[in-house]
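Hi everyone, thanks for coming. I'd like to walk you through one chain today, so please have a look at it with me.

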Amino acid sequence: MSSVAVLTPESFAEHRSGLGDQETRGGVSEDEAYIPTYLEAFPPLPEKATSGDKSGEPIGAWSKIRPIKSSVVTQVFHVPLEERRYKDNSQFGEGEEAKVCLDIMQKTGAHIELSLAKDQGLSIMVTGKLDSVMKARKEIVARLQTQASATVAIPKEHHRFVIGKNGEKLQELELKTATKINIPRPDDPSNQIKITGTKEGIEKSRHEILLISAEQDKQAVERINLQKVFHPFIAGAYNKVAQEIMQETGARINIPPPSINKDEIFIIGEKEPVAQAATRIRKIYEEKAKSVTVAEVTAPAWLHRFIIGKKGQNIGRITQQLPKVHIEFTDGEETITLEGPTEEVQIAQTQIQDIINDLLTRMDYTEIMVEQKFHRHLIGKNGANINRIKEQYKVSVRIPPDNEKSHLIRIEGEPQGVQLAKKELLEMAVRMENERTKDLIIEQRLHRSIIGQKGEKIKEVREKFPEVIINFPDPAQKSDIVQLRGPKNEVEKCGKFLQKVIADLIENSYSVSTPIFKQFHKNIIGRGGANIKKIREETNTKIDLPTENSNSEMILITGKKANCEAARDRILSIQRELANIKEVDVSIPAKLHNSLIGAKGRLVRSLMEDCGGVHIHFPSEGSGSDKVTIRGPVEEVEKARKQLLQLAEEKQINNCTVELHARPEYHKFLIGRGGGNIRRVRDRTGARIIFPAADDRDQELITIVGKEEAIKQAHKELEILIQNLDNVIEDFMIVDPKYHRHFVARRGQVLREIAEEYGGVTVSFPRTGVQSDRVMLKGAKDCVEAAKRRILEIIGDLEAQVTLECVIPQKFHRAVMGLKGGKVQQITRDHDVQIKFPERDENQAGPDLHPQENGDLNPDLREGEQAPRKCDVIVVSGRKEKCEAAREALLALVPVTVNVEVPFDLHRYIIGQKGSGIRKMMEEYEVNIAVPPPEQQSDIIKITGLTANLERAQTGILERVRELQAEQEDRALRGFKLTMSVDPKYHPKIIGRKGAVISQIRKDHDVNIQFPDKGDENQDMITITGYERNAESAKAAVMKIVADLEEMVSEDITLDHRVHARIIGGRGKAIRKIMEEFKVDIRFPPPGSDDPNRVTVTGLPEHVDNAIDHLLNLEEEYMMAIVESETMAAYMKPPSRVDEEPRGSTRGFVVRDAPWNAPGNKAPDVSSAEEFPMFGTVVAPRQASAWGPRKF
């Protein structure tokens, strides 16, 4: 691994001056003694060689610099505009190119820089380890550059050599050239290899593939290993020497391109030409190698980076003077290798040895042992501690990485800085060894709350205790241990603080669940969440409601205990207001609670279901409370109370439990319609029978609870019922075919309902096309009989079924249906009817006026009436009495319109800003409110909605009108205006600093005070608007201020301007304090004033005198300090600065053999726009310049 030493133009001015701060010997520095030539100071750029130029060396001093080998490499390549994949230059640095580069950097670890050339091409610089750079380059070429393709033909038998063992050769080739190489499969007769990538990459791949093929060819192949530095001499300018050798010998010479770091040169062809070419190449190499020597300099390895210098400036100075010398450093070794011409190597060796000797005299290093566990604390967050030490003591500190598991820390730099840094690091290590570690047990569920969102809360804790390190366990560890580390006292304080935070979190994490009937959840939420939001804010709790499609009725409230209970009371009060809800408390011994709840809550759940869905709330376990709360409709609550007390009494006297199993499909039949069957068993036996809930694992388990005798009797009756259900029979019944369709319609929904309700009985109707009225039933005997009765009931309903028409205009159909058809579905369930709405007719805009055929009229219509439109007729089917009730229910849903008279000038206030007012009223009253357009000037507002809502809406609007009219009257009273004359010079004082005085008057008297604008005729008039009484009181307040101001005086005093800043203080704090203390106004002169010492003090006479005395005392005190500091500064000033004598003549930058020193030329005038023109200006040429002909 080697280091880098490259000369950069930035270090040019430094490379001639010797070591950075080294003192020159003999009183005259090397920089002053030596004057460079013009060509040395300004080396020319390389130019193209002419056809007659035989030199193989590049022209120009810059090109002679030889970089030192490095493990970190940099590659720069160019993507022309036509090959760019993303050509949108409007967002350079922000578009897809930047995103792609970020992604590649993350994947490969290389650093990528993009720049845009003048030709809109893309320059890309990639820096990093060699393998990272190669991977990044391949990714960049594939993702940022458009791909070209080419083919190369080599014999089929050579393909396997291109692929290599396990494809390694092919992968290496693709990585080096950043291309994709597709080789035909073995069974494919083609010998064409396809290469995809950039043009440069394709050429490199083609070159390598041909080399591999040539090796396997029958032709002679010779490899010559020559150092890479000699390849340009063998190739010659523009590859001229290599071409001459190939023409003379007929052999083919392959020299690796400069971008490929290989020393091998391949010669391919017939044996004799290959031998001749090899001889010529070796001869060129020997000639060039004779003039090259290798020397070594020994220096401690830790000193190497100081020898190289910052940004390679020390070595760069040597290589600039001796461009043919190559210097190589190797990490971990003390040897420095120099290679080049003998004389130049000796000079470079001497210069490097001088640098080493100087560094050894003024540089030092030391090593200390610190336990590895303390290393990260020494480094500090983001390297804060170690960076501070490096900058403060000008040293380099090397702390080994964790994977080395080393305790050794190395410090390098000037001896004094090294010792000071060592001392501080050891002190830190000792302090850390004396630190205390404390483990806090904190439930993992609280960790996230302590840390806070994006670590905000824990950041505050760390800022409060900066010396304490707080470590939370990884979430995956499921650990409750939080570790604190730091000074003992600080750790104790931090621990107590965290315990307090935890106590607050636990206090705020109390939760209570409240059962609320599902239909009231929307009322608790309120319009737009208004109700629930208000409860959350006022009680400072978190309230979670179950999702809309959930069967749960529990509302979870989280927060402090008192707040949770307050929120629960608020929610329960809403429920009580909405329905006839009663809440009673029953006292039952706490020891019976678990048995009354039952396994997984089965017993209490069955009790709640039996009593119409009441809510029974038991106190939390361990509370010791005997109070059980029952909440629900009045009648059901009383029923539940009696059953619960009866059950508790049975549990206390003699309670038993028996379990039996029955197939799940039998459960509905055992329960019966509306629970009739199971209720009869319960009434006869006195036992309670509990069926499994939908989420229970054992769906066949039935539990019987009660006294021993009651359980036996109930168990016997249920077993008989189950045995009867297990006794499967087949039977039939006669059903008129005209009713068959009703049973099998909608994929047999009616039959499925019968099967579910009656123990899974199977009902089979004749297939379509079979003329039969025989219906087969199969199942348990009791189930079959019950199913027969149900089918006969349905047939009876069908026979009694009538069809009624309900005429409702089509425009109201959507309102009648409700959201997702909810209203009409409710009517269908309540009245057991079928309701069919007509197809929507978009074309008919008025009544049906089709002419009657043959002049016949509809006999059902009265004279003058018109037939209803088909799209207005809703058909209701079912029993007559139910159809009529359903029709009334539908008509009740038809919106009605009423007119409300509201003065036209109040309409805009009712509408509100952007319609917010009228929207709120429509949502609150569930009506539609239509306000006439302004051009109609109408007072009539139309309200459309259900009759029940219209009255509320009408009352609400009239109430709003009364409020608005009252506001109008109030605005008229507030519009009283009063004017007063006040001298304009007092206006700023009445307004006050940042309007503080006038704002306070406005607030105290509830008025608006307006001062005249600039340019107004009456500059002394102040207008006060508000209630008459308030305006008068505000006027009196203003006049009082004016009276006080008229008593004030202004005096000018002289204060030395040097003390002004001290009197004013930081951001004016000191002067404001003085003005507040003495109740005066003090004005200092602005910058550039004629009299910088004049200060004006304004206020009451006695206040002004006191303030002036205070200011003069301050001046005297500050002037003493100023005079003393100036005297000390003059005493401490160096003599050279005092005498202001120049140390020597300043010649500026001087060079020898400059173009302007030639006869007939003159030095350029740097102040001339002709010699040094500005960008964008055009200057007419006057004469030839010493710089040579101008090129534009």
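Predicted model: local features only at pLDDT ≥ 70, side-chain atom pairs only at ≥ 80, totals over all residues.

Residues are numbered from 1 along each chain as its sequence is written, and side-chain values use heavy atoms, with hydrogens and water left out.

The overall picture, then. The protein chain has 44 helices and 42 strands; these are DSSP runs, H or I of at least four residues for helices and E of at least two for strands, numbered from the N terminus. Of its 1192 residues, 36% are buried. Buried means under 20% relative accessible area, exposed means over 50%, and partly exposed is in between, with a 1.4 Å probe and protein chains only. The accessible surface of the chain is about 73,700 Å², and carbon and sulfur atoms hold 50% of that; the areas come from the Shrake-Rupley method with a 1.4 Å probe, and for residues only the protein chains shown count as cover. Among contacts (heavy atoms within 4.5 Å) with a separation of 6 or more, 69% join residues 24 or more positions apart.

Now to the charges. How many salt bridges does the count come to? The count is 25, where a salt bridge is a side-chain nitrogen of Lys or Arg within 4 Å of a carboxyl oxygen of Asp or Glu.

Let me show you some of them. R185 pairs with D187, with the closest N and O atoms 3.9 Å apart, and both residues are exposed. Compare R869 and D872, whose side chains meet at 3.0 Å, N to O. Is D872 buried or exposed? D872 counts as buried because its relative accessibility is 9%, and R869 is buried too, at 12%.

Next, R974 and D1006 form a salt bridge at 3.1 Å, N to O. This pair links distant parts of the chain, 32 residues apart: R974 sits in helix α37 (residues 947–974), and D1006 in the loop between α39 (996–1005) and β38 (1008–1010). R974 is partly exposed at 31% relative accessibility, and so is D1006 at 37%. There is also a network of salt bridges, linking E367, R410 and E412.

Helix α43 (1101–1132) and strand β40 (1049–1054) each give two or more residues, and α43 has the largest share, with three. E1046 belongs to helix α40 (residues 1028–1046) and is exposed, at 54% relative accessible area.

In α5 (residues 130–144) we find S132, which is buried at 13%. Leaving out residues up to four places away in sequence, S132 touches T108 and A110. In α27 (residues 664–671), the buried residues include Y666, H667, F669 and L670. Just after α27 comes G672, with a positive phi of about 85 degrees.
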